[in-house]
2 protein chains.
Amino acid sequence: MKTWVAQLRKGLVEFSVLAALRHGEAYGYELLQRINRIEGLALTESTVYPLLARLTRDKLLTVRVAPSPAGPPRRYYRLTDEGQSHLNDMAGHWKQVQTGLDALLNGTGDRP
Amino acid sequence: MKTWVAQLRKGLVEFSVLAALRHGEAYGYELLQRINRIEGLALTESTVYPLLARLTRDKLLTVRVAPSPAGPPRRYYRLTDEGQSHLNDMAGHWKQVQTGLDALLNGTGDRP
DNA sequence: CGGGCTATATCGTAACGCGATATAGCTGGG
DNA sequence: CCCAGCTATATCGCGTTACGATATAGCCCG
């Protein structure tokens, strides 16, 4: 009875990843852990890796491969200009939604 | 290139509808208009009606049918106790996510 | 009578999250 | 020396969802 948590995250995950990349590059596993320390936003590799691939395909991220001290080479992702403006759009929308939902929760919604 | 808006809404729509019912009953069409005056949260009938059916099936809402002055009978929905506590859970989670995302957007991510 | 508004419902499609699973390099213990 | 465990990436498949398109029906107005 907590499938709604999964649904609440949809799209929101994309936003999280872009937001986490706002201040510089990072590789998948790192993003995973960085985001996972946020309460209520725990993701898994199955979510992050396909997403990163998609965002790269959509030109919102660029990749740089560098060897890892342990394991396969790391793939460092960075926001493109388009990714940056995309993030800004999302942030704006996000603010609106936040405000709107808070309004719904607190009585308003019909008072003219 | 705005499919992310749709994704951002997933699950969030459920939250909106429950939140909109927080202060009393309403019928589908009414909910639709009430939520649609919130910027960035415009829904359609195709989204709301199946959702209301699902929430009712899951015992989060109850229905009361009453004749309409125009058109088919209205179906008034109301939160059950379970729906109420469900909404509280979601609101808590929502707060966490809000805080977490804001932290991600504003530099933080590791500073304790 | 016909167009427009209210009000509900369903089908089909596309997109996404995530559990399960595979793979590979490195390190430390028995 | 080998196996267990950690880092790091990737893919398949399932279930869930939002929404455009579409159908239906009662009411009002010209």
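Two strands are said to pair if DSSP finds at least two bridges between them, and helices (H or I, at least four residues) and strands (E, at least two) are DSSP runs numbered from the N terminus. The model shown is predicted, so local features need pLDDT of at least 70, side-chain atom pairs count only at pLDDT 80 or more, and totals for chains, interfaces and linings use all residues. Residues are numbered from 1 along each chain as its sequence is written, while chains are lettered from A and ligands numbered from 1 in the order in which they are written.

**View 1. The open sheet of chain B.** Three strands make up an open sheet in the order S1-S3-S2 (chain B), with antiparallel pairing. Strand S1 (26–27) and strand S2 (61–66) of chain B are the edge strands, each of which pairs on one side only. S2(B) and S3(B) run antiparallel and are joined by six bridges, and B:Leu61 stands opposite B:Leu79 in S3(B).

**View 2. The open sheet of chain A.** In chain A, an open sheet of three strands has the order S1-S3-S2, and its pairing is antiparallel. Strand S1 (26–27) and strand S2 (61–66) of chain A each have a single partner strand, so one side of each is left without a neighbour in the sheet. Two bridges link S1(A) to strand S3 (residues 74–79) of chain A in the antiparallel sense, and A:Tyr27 has A:Tyr76 in S3(A) as its bridge partner.

**View 3. The segment after helix H5 of chain B.** B:Asn106 lies in the segment that follows helix H5 (81–105) of chain B. B:Asn106 counts as exposed because it has 11 C-beta neighbours inside 10 Å, where exposed means that 12 or fewer other C-beta atoms, placed from the backbone, lie within 10 Å of the residue's own. Between the C-alpha atoms of B:Asn106 and B:Leu61, which are 45 residues apart along the chain, the separation is 38 Å.

**View 4. The surface near DNA strand C.** Of the 33 residues around DNA strand C, those that come nearest are A:Val13, A:Ser46, B:Tyr27, B:Gly28 and B:Gly71, a residue being near a strand if its C-beta atom, placed from the backbone, lies within 6 Å of it. Among the elements that give two or more residues to this surface are helix H2 (12–20) of chain A and helix H3 (28–36) of chain B, and the largest share, six residues, comes from H4(A).

Terms used:
A residue is buried if 20 or more other C-beta atoms lie within 10 Å of its own, exposed if 12 or fewer, and partly exposed in between; C-beta atoms are placed from the backbone.
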